[in-house]
Amino acid sequence: MLSIDLLDTKKHERMTFTCGAESLDEYIKTRASQELRKKVSTPFVLTDLPDRKVLGYYCLSAYSISIVDIEAQAAKKLPRYPLLPAILLGRLAVDTGHQGKSYGKRLLLDALRRSCDIAKQLASVAVVVDAKGEDAASFYHRYGFIEFPNNPMKLYILVESIEKLGL
């Protein structure tokens, strides 16, 4: 049974994780637990219970975006603050042995669902991602993410749009 939970270093085996991107592998193996402890980032891991091996992961953290970077139609509905609260979805990755099984989609939808829940408690207008290449950007586009005007690898989706998806 697949489960997505907050990283627990005593419970989750992450040292064998490899996704093909060294920085993402290194992060889950050595830095994720430190960032969780220091409240810098919150990593969530996908496992196939009762196995403890991490099959994929993503991180959520607080972020802010400039009002001028949001599409004009949506910006009209928002206060004209220079910076708006957002959620950063960082480091979404799937182990190479499990790619092609829709685990990336499962992780993304879980992250968006959690982000909507968070936005009910702590104001956030959007979820932001930094795509690690064209394939990743294309993946996020399929779920309604929009490019920032000056950076096609940085994308966002409004929380309002996520709520309309009914996740």
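## Fold of the chain

Read from the N terminus, the elements of the chain follow the order β-α-β-β-α-β-α-β-α-β-β-α, and the secondary structure comes to five helices and seven strands. Helices (H or I, at least four residues) and strands (E, at least two) are DSSP runs, numbered from the N terminus.

This is a predicted model, in which local features need pLDDT of at least 70 and side-chain atom pairs count only at pLDDT 80 or more, while totals for chains, interfaces and linings use all residues. Residues are numbered from 1 along each chain as its sequence is written, and side-chain values use heavy atoms, with hydrogens and water left out.

## Overall dimensions

The C-alpha trace of the chain spans about 50 × 30 × 30 Å along its principal axes. The radius of gyration, taken over C-alpha atoms, is compared with a globule rule of 2.2 Å times the number of residues to the power 0.38; because a compact globule of 167 residues would have a value near 15 Å, the 16 Å of the chain agrees with that rule.

## Burial and contacts

Of the 167 residues, 46% count as buried, where buried means under 20% relative accessible area, exposed over 50%, and partly exposed in between (1.4 Å probe, protein chains only). Among contacts (heavy atoms within 4.5 Å) between residues at least 6 apart in sequence, 64% join residues at least 24 apart.

## A residue in helix α1

Glu 35 is found in helix α1, which covers residues 22–37. Glu 35 counts as buried because its relative accessible area is 15%. Leaving aside residues up to four places away in sequence, Glu 35 touches Tyr 27, Val 40, Ser 41 and Arg 91.
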